[in-house]
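I opened this model to look up how its chain is put together. My notes follow in the order I made them.

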Amino acid sequence: MTARNGQPDTGTERTDGPGPTADDAGGTSGTSTNTDISPGPDATPRTDTVASVVGQWRAVHPGLDTGPMEVIGRINRCAALLQQAEDAPLRRAGLSRAEFDLLGALRRTGHELTPGELARETFSSGAAVTKRLKRLTETGLVERRTDTRDRRVAHLRLTDAGRDLVDGILPEQLAYEKAVLSALAAEGQEELSDLLAVLLNGLEGHLGGLRV
């Protein structure tokens, strides 16, 4: 898993305290604080919070095509609510999502990575990675090795404790994410995944610079 909004992370993620307020979660101005799960995709009319915002904009500018707002607004709203949920298994383990992404990158690649490589793997800034690595190193989950040819370069790898933690949390985290997606049938999840893959490929191909 990577940065949630597809943009380089700045390293200012919260590791304790309340998540974003409901007023912040949505990406379109004026979104209400209702966080109830809306009816499925076949429900008519749509009654989620973004639908309310779109309806207000249509009243102000009836000639505008609000289709993009309906898609982007819902993506942003879902991302914000997922972030607000704080990934319960990770929170119980004392990890933020961003920290788990670093540990996961080291585990799934199976070899040492430099801080710059970790930044690219997790769509994060160098400063953010440095901050997270400091904590993960201090807690004994990651260890650092200085390059023998260039002492300015560090190589990071998981400790045994870090590897055991990732392997222990991953099944629980996947079960949690499955529950989060349970509002969609399996076919809907597959269709949504395919559509998001098309969108992501297009963004990465045309916008570029998403990796730092």
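I began with a definition: a contact means heavy atoms within 4.5 Å. By that rule, residues 24 or more positions apart account for 63% of the contacts in the protein chain with a separation of 6 or more. I noted that this is a predicted model, in which local features need pLDDT of at least 70 and side-chain atom pairs count only at pLDDT 80 or more, while totals for chains, interfaces and linings use all residues. Residues are numbered from 1 along each chain as its sequence is written, and side-chain values use heavy atoms, with hydrogens and water left out.

**Entry 1: overall layout.** I looked up the elements, which are DSSP runs numbered from the N terminus (helices are H or I, at least four residues; strands are E, at least two). The protein chain has eight helices and two strands. From the N terminus on, I read the order α-α-α-α-α-α-β-β-α-α. Of the 212 residues, 29% count as buried; buried means under 20% relative accessible area, exposed over 50%, and partly exposed in between (1.4 Å probe, protein chains only).

**Entry 2: the core.** I then searched for nonpolar cores, meaning sets of buried Ala, Val, Leu, Ile, Met, Phe, Trp, Tyr and Cys residues joined through side-chain atoms within 4.5 Å. The largest has 20 residues, and Leu103, Leu118 and Val142 have the most contacts inside it. Helix 4 gives the most to this core, with five residues. In soluble globular proteins, nonpolar side chains tend to be buried together.

**Entry 3: helix 5 and what follows.** Which residues of helix 5 are buried? I found Leu118, Ala119 and Thr122. Seen down the axis of helix 5, they fall within an arc of 105° (taken from the directions from the helix axis to the C-beta atoms), so they line one face of the helix. Their cover includes helix 4, helix 6 and strand 2. Leucine 118 touches residues including Leu102, Val129 and Leu156, not counting those up to four places away in sequence. Phenylalanine 123 lies in the loop between helix 5 and helix 6. Phenylalanine 123 has a positive phi of about 55° although it is not a glycine. Most residues other than glycine have a negative phi. At 11% relative accessibility, phenylalanine 123 counts as buried.

**Entry 4: salt bridges.** I counted a salt bridge where a side-chain nitrogen of Lys or Arg is within 4 Å of a carboxyl oxygen of Asp or Glu. The structure holds 15 of them. One joins arginine 97 and glutamate 177 (2.7 Å, N to O). This pair links distant parts of the chain, with arginine 97 in helix 4 and glutamate 177 in helix 7, 80 residues apart. Both arginine 97 and glutamate 177 are buried. Arginine 135 forms another with glutamate 99, the closest N and O atoms being 2.6 Å apart. Arginine 135 lies in helix 6 and glutamate 99 in helix 4, so this pair ties together parts that are 36 residues apart in sequence. Glutamate 99 counts as buried at 2% relative accessibility, whereas arginine 135, at 32%, counts as partly exposed.

**Entry 5: the surface.** Accessible areas come from the Shrake-Rupley method with a 1.4 Å probe; for residues, only the protein chains shown count as cover. The protein chain exposes about 13100 Å², and carbon and sulfur atoms supply 56% of it.
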